[in-house]
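Subject: Structure handover

Hello,

Please find the structure below. My notes on it follow after the model.

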Amino acid sequence: MLMGNTRPLPQQSAPPGQPGPPGRRPRPGRGRRYLKRAATGLGTLIVLLALAAGALWVITPSAGEATKLARAQAAQHGIAYPGPSVPENFARPLVATEDHRFYSEPGVDLLAVARVAQAKVTGGTDQGGATIEQQLAKMLYTPTQTGLRAEAKQVALAVKLNIGYSKQQILDLYAEVAYYGHGFYGLEQASCGYFGHPARDLTVVQGAMLAGVVNAPSVDDPINDPGNARARLSHVIDRMVAVGYLTAAQGRQVLSTPLGLTAGNTASC
């Protein structure tokens with residue numbers, strides 16, 4: 001027998017119209033299986049979220065309770081209810097700083113909610129940004145509650161508030177129950193206490209100062225902590241410029257305007 005280097009004969013392809021040689025059938029791609037699993041997982045997550053949202057909607061109070069709670073808080077703090085409607089010189093800096101999509105969103109910022117949820121799961125520090133409705137829900141319904149359960153309630157309540165009240169009414173409620181530092185509750189009392197005149201007469205710089213104080217009233221008190229208050233005011237003006245309420249030149253002019261503080265005398269108006 002002759003030995004030598006031999007090569008396997010090449011497989012000949014079948015003539016046109018005839019089946020080829022038998023072999024292993026191609027297996028479905030892994031990518032397709034992963035996509036199917038991901039779609040199933042996403043569908044399950046959506047169903048669970050819908051069930052959770054439905055449960056929160058049922059167990060949380062109605063939006064109609066908001067005025068009752070606001071009236072009770074006003075009585076507790078010795079202020080009139082309802083107070084005057086929020087003037088533009090307070091509404092604009094508040095919206096620019098706390099919730100610049102306030103007039104277009106349904107009470108919650110879905111992107112912010114997703115960021116907060118991700119941070120809770122992964123242990124991150126991104127707290128997102130609560131809308132004005134969410135902040136109002138916290139002040140009215142869950143002022144002493146903390147944690148994920150309280151935040152979930154605030155989301156559901158924020159949607160209810162957005163459905164039950166106009167944006168102006170929500171701003172009025174917010175201004176009525178917010179704390180502005182130095183013992184002042186409600187916008188009218190804060191305006192009288194800090195500046196000696198009613199809220200309707202707030203200047204742009206005064207309204208911006210009060211809109212900034214509500215974020216951290218014990219830290220940004222313009223009488224006890226003028227440095228912090230001035231830094232916060234600068235941030236508020238920057239936000240007003242960023243969203244188009246002021247031009248850059250107008251922002252610089254507002255920052256150079258005297259505040260006219262009256263050292264916290266609520267009896268002056």
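This is a predicted model: local features need pLDDT of at least 70, side-chain atom pairs count only at pLDDT 80 or more; totals for chains, interfaces and linings use all residues.

Residues are numbered from 1 along each chain as its sequence is written, and side-chain values use heavy atoms, with hydrogens and water left out.

Overall

The protein has eleven helices and zero strands. Helices here are DSSP runs of H or I with at least four residues, strands are runs of E with at least two, and both are numbered from the N terminus. Of the 269 residues, 35% count as buried; buried means under 20% relative accessible area, exposed means over 50%, and partly exposed is in between, with a 1.4 Å probe and protein chains only. The exposed surface comes to about 16,200 Å², of which carbon and sulfur atoms supply 58% (Shrake-Rupley method, 1.4 Å probe; for residues, only the protein chains shown count as cover). Among contacts (heavy atoms within 4.5 Å) with a separation of 6 or more, 69% join residues 24 or more positions apart.

Core

The largest nonpolar core has 48 residues, and Phe90, Tyr180 and Leu210 touch the most other members. Such a core is a set of buried Ala, Val, Leu, Ile, Met, Phe, Trp, Tyr and Cys residues joined through side-chain atoms within 4.5 Å. Helices that each supply at least two residues of this core include H3 (88–98), H7 (167–177), H9 (204–213) and H10 (226–243).

Leaving out residues up to four places away in sequence, Phe90 touches Ala175, Tyr180, Leu187, Leu202, Gly207, Leu210 and Ala211. Leu210 lies in H9 and counts as buried because its relative accessibility is 0%. Apart from neighbours within four places in sequence, the contacts of Leu210 include Phe90, Tyr180, Tyr194 and Phe195.

Helices

Which helices do the buried residues of H9 pack against? They pack against H3, H8, H10 and H11 (248–255). Nine of the ten residues of H9 are buried, among them Val205, Met209 and Val213.

In H7, eight of eleven residues are buried, including Lys167 and Glu176. The buried residues of H7 pack against H2, H3, H5, H6 and H8.

The axes of H3 and H10 come within 8 Å and cross at roughly 90°. H3 and H10 are therefore roughly perpendicular. Axes are lines fitted to C-alpha atoms, for helices over the stretch in contact, and angles run from 0 to 180 degrees between N-to-C directions; under 35 degrees counts as roughly parallel, over 145 as roughly antiparallel, 65 to 115 as roughly perpendicular and the rest as oblique.

Backbone

Most residues other than glycine have a negative phi, and most peptide bonds are trans. The peptide bond from Tyr81 to Pro82 is cis, with omega near -5°, and Pro82 lies in the loop between H2 and H3. His182, in the loop between H7 and H8, has a positive phi near 60°. His182 counts as partly exposed because its relative accessibility is 27%.

Regards
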